[in-house]
Amino acid sequence: MRRAGRAGAGVVAACVAALCLACEGSGGSGGLVVKDERTDPRCTPVANSLPSGLALVPGVADEAVLVQSQPPALVRFDLDGDAPLVRGDASLAPNGDSDGDGVDDAVRSQQVLALPLAAVTGEVTAVHARLALVSTSNYEGVVFTDPSVPALRMAQVENPDDAPGFASSDYPFLPPGGTETTRTAISTRACVYPGAGASDSGNVAIAKDARCDAAEPASFLTNLTAGTAIAAGRLFAATSNLRNSGQARFYPGTVLVYDLEETGGALRVRPHAMSPLLFTSAFNPTGVTRYVTASGRELVLVSETGAIGAGTGTGNVRTQAAIDVVDPVALRIVATIPLGFAGPAFEALAIDRGNRIGMLGASSKRQLYGVDLRPLDDARLYEGDGPPVVLDGLTAGFPDARLFDGDHPLVLPEQGEGAPPAQCDGFTHVTWSHDATELLATDYCDGDVSRVRVDLSGAPSFQPFAVEDAFAPLTTDSLGQERGPGPVRVRPGVPGADYTGPDAFVMISLPKAQLCALRIASPGP
Amino acid sequence: MSRRSPLCLALALLVARAAGAQSPDPQASPVDEMVIRGVRTGELAGEPTAFGELIRTGDYVAERKSLADLLSEQPGVFVRRFGGAGDPAELSIRGSTSQQVAVSIDGVRANSALTGGFDLSRVCVPLVDEIELARGAGATREGSGAIGGAINLVTRSGSPEATNRVSGSGGAFDTWEGSAFRSASTSLGDRSLDYSLGYCGLRTKGDFEFARPEFEGPDGDTVSFEPSHAKRINNERTQHGATLGLGSRVGPGTLRLGEYFSYSDGGEPGIDCCNGEDAGQNPDASSTDWSNLAQLRYETDALTRAHEGLQLALYHRYEDSQYHDPLRALFGDPVDTRAGISTPGARAESAWQLQLGPVAQRLGLGLDGFRDHLDADAQPSHARATGAVRLSDEIGFWDGRALLVPALRAEKTEGFDLQWIPALGARLQPWDWLRLRANATRAYRTPDFDELYHPDQGFIRGNPDLEAEDAWSFDAGFELALAQLGPIADAQLAASWFRREIDDSIVWVQINATTIAPVNTGEATMQGVELALSFRVTDYVRVSLNHTELDSERDATSEDLPGVPKRESFARVQLGPPDLVKLVGEWQRTDDLLVAEGGGRSLPDRSVWNASLSLNLAGLRWLRLERWSNALWVYVEGNNLSDEAVRDTLAFPQPGRNLAAGFEAIW
């Protein structure tokens, strides 16, 4: 009896102790290690399943950087082996702070926008061996990184004083007007005023955004930061400005302009106070490319998909696409190349090493688009400040720069046993071979790499001649296999002579995020 | 154990004699029940050849077990949890999806017609008396959905003797639970009326801390979320459950009304996804759901000499779910959706005993019909009716030592082909201490409303062209029971092998770069072994162990299926006089868990330790509580004592070490 009594007292004491102390664990004091194994000898996995950007590092023949989404990081790869080898990574949002303002992005976003938004990584642009720009959405910005380490780079970020055509309050995530601070990114969240009567891609009127200047008749905040480029000492960042994802409606597209100085390894960046943004000709600007004409004129080419949905096929494309030609000095769109109902892919133009042809993949079909860039050397385009010249062959005195557009695409040959067209009708990415004699195009749906022979000796000619079954098609029988190839890059140099490893590198997203190395032109070991 | 069910009696036959020492004697008196804990491996009503368990919740008194806890401890079962108390949990049997397990409450299907699954967290264990678990079986009884197996939750019901139960507990993460139940009988004129009333509730803040994944690549490189730990936010939840039972003798039978109601409301934190203090969790989304199941059942005694009785039931199930997410306003309108599904149905069942010479037969006939009607904000209304006929026979030879059970079900659901579901089971008991079983059955599953009609939101949509899933299941095994072997008593060893071949399995997959939709996939095979051992050493030490090996792959690619571990082991030791003190220790080891199709990405293996100490104060005579209560248990328990980082899916964390204390009274 006495023993039982003591036991009872012990239990009661234990109950009290449990309630009082609660003794809650940390949910894994030893951490939680998720193992990623190589399931394809050509491929190296990175965390999670949505890699968002891939770039070769200029001046470093055997390195590439890849942006992984979660955790957000820039991963540096050595490309010499049969599979890419990870050489390090840099968190793009240490402790949730992508712009280095000392405040968690979600907390800061909650304060400013009443929405707790964290940075979602996007494209990467490798400017040179010590500078790569990574765009982020939701918590909109461009993050400065050093791909050689890799690591974040600090920059002096300034918000200019108010001036005609510029209000510092239109950049709610920048420091107060007239001040500067040290950060790791510059915000691309800005108030935009499209003017009275403006409407979105679905012809729905644009109202006022309460967070912007109330005196303006229509306004919205930029979102979905996409491609970036640096030209003429300026940073250009495209923002897609999605309004309603379910209805595929977009606000007018914009390219934000920043002054950027890089001296002695120090970065200094601020919105351009005179002309802080450009409205694009078509909706949804995504790809931004620095381009230098044969005569040495520096330009920025902005590819715009038009309004597109989240589906596939022709019906997925709602409005017309275009490529805008931006004079980075005058800060105006000098020309536009309409692509029709093309729905190009979101990448920057792939330009051959002779700077002659620009190619784009397609977001909704198994095809490619291309433009002839030689007309951009025409000095008349840069005279005056009139509306952009439309290079569709209908503008008097100017040629048609279109090689392949929505009405006349470069169709990649179908293979049997691909993805069902009703579900996945094609989603292509394209790049040039090292010697510009071939195009390599991946198709997310069919999992293959198409090879197109290109002859630029005279009038450009394009002839698809081979399809490599690099990855599995998006069918139900291939669940779990390496699928969903996206951006593709070819390393510089002559394969077999300058290097012996694989020559083409493809980012795939299924069944998990991976960077894969292919031997297209490179002979086997 | 004071209560004996037919199952226990059948089970007792297994242990009536020591191994090999006795000749077969089917008329032998059963010895004491062979129960090590609340699980009885034996015979399930209506599924005499199936591998299954009967779990009596009363055997877990003062242990604060959830339904997910009880089921996860069974061989062949994997419970996928999406958090802690009140958070969703779903059931997988022999590698199935949750939609491939038929869940019933008092014999009425409780799977959501919207999502096909069943959320185990919505069940209050204090209101449940028994859980019947059939592995790889149930297709001819339940029809669509019973591919992995079936469970039936038997709620506490009225009884002639008055019974009262009250329980309460509190613990980590500000979690409080309570329940009250009363059953009794009363007179209504000249009629006797059994009644039962039950309530249970849960309230939790659910703000547990969790470790965040660190990804380790094949070359040893690592990348981590920052910070390395975060706290669950917007995870508070309130749940209520209630039962009502009424029963009275009417004519040659008993008329019973049963009501089961559940309500749940709380935050929806979503996934652990991003860097930052809140880990990308959604601070504002919320959901509310409730369901009600009403059943009017009439059960007669035998109407003729050969007749075993007739059961007629009318039922109605309603489920309502709402989801609200203001954050989606970023690129569109805030999400504010509601869906309700009403399912009226009727069921009839009867059986006859026939003796044809030395062969005893039990013929069964069942009819089932119901109609699901979906009414939702975000999509057009949909309705479909299902009707089924089931015939079965139980053919006994050699005084019941051999049993052959053929069954056939014909089922038709509007919009889908007529399905024939044959099954054949066999059971052989050459000696009292050995039982052999084997089964082969077809099973299928019609797509649920969500799979068919999920509104097209661009990035996700349903697929109205889906075919039904089609499967064949096979299993075989034995149970060995020894009443006494040296100091070991009531020892039971069970082993089973199973194999399932499934075609047209429905999986939500990426159908293009931006859209996820359900599709019929190719063939897949799951096979494995289940082992269970239990025994006691005196009345003071009770041990049970089980282990499951599972190998599942897609036939076309030979790639492993994600989401279920290849092996899982469980051990439980209970010490102390069971009516006075229970010191329980449990260990569960779960193998690496694939989280990506095709393998290559896996959560680490884990060992989780739980312990509880319970004391029945009514057993302390000096307290003189026996006048007031048969049992007044107080207890303290600790779960995940080693504070493991536990996840069943990559993005949904579960709590670390947590303690709770409570009481349970029965009088």
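The model is predicted, so local features need pLDDT of at least 70 and side-chain atom pairs count only at pLDDT 80 or more, while totals for chains, interfaces and linings use all residues. Residues are numbered from 1 along each chain as its sequence is written, with chains lettered from A and ligands numbered from 1 in the order in which they are written.

Chain B holds four helices and 40 strands (DSSP runs numbered from the N terminus: H or I of at least four residues for helices, E of at least two for strands). Of its 667 residues, 51% are buried, meaning that 20 or more other C-beta atoms, placed from the backbone, lie within 10 Å of a residue's own.

Where the chains meet, 74 residues of chain A are in contact with 86 of chain B (C-beta atoms, placed from the backbone, within 7 Å). On the chain A side, α1(A) gives the largest share, ten residues. The two chains also share strand pairing: β1(A) runs parallel to β13 (residues 213-216) of chain B, joined by four bridges. Here Lys35(A) has Glu216(B) as its bridge partner.

Chain A has an open, mixed sheet of five strands, ordered β23-β24-β25-β26-β30; strands pair if DSSP finds at least two bridges between them. β23 (285-292) and β30 (389-390) of chain A each have a single partner strand, so one side of each lacks a neighbour in the sheet. Further in, β24 (residues 298-304) and β25 (residues 321-327) of chain A run antiparallel with five bridges, and Val302(A) is partnered with Asp324(A).

How values were computed. A residue is buried if 20 or more other C-beta atoms lie within 10 Å of its own, exposed if 12 or fewer, and partly exposed in between; C-beta atoms are placed from the backbone. Two residues are in contact if their C-beta atoms, placed from the backbone, lie within 7 Å.
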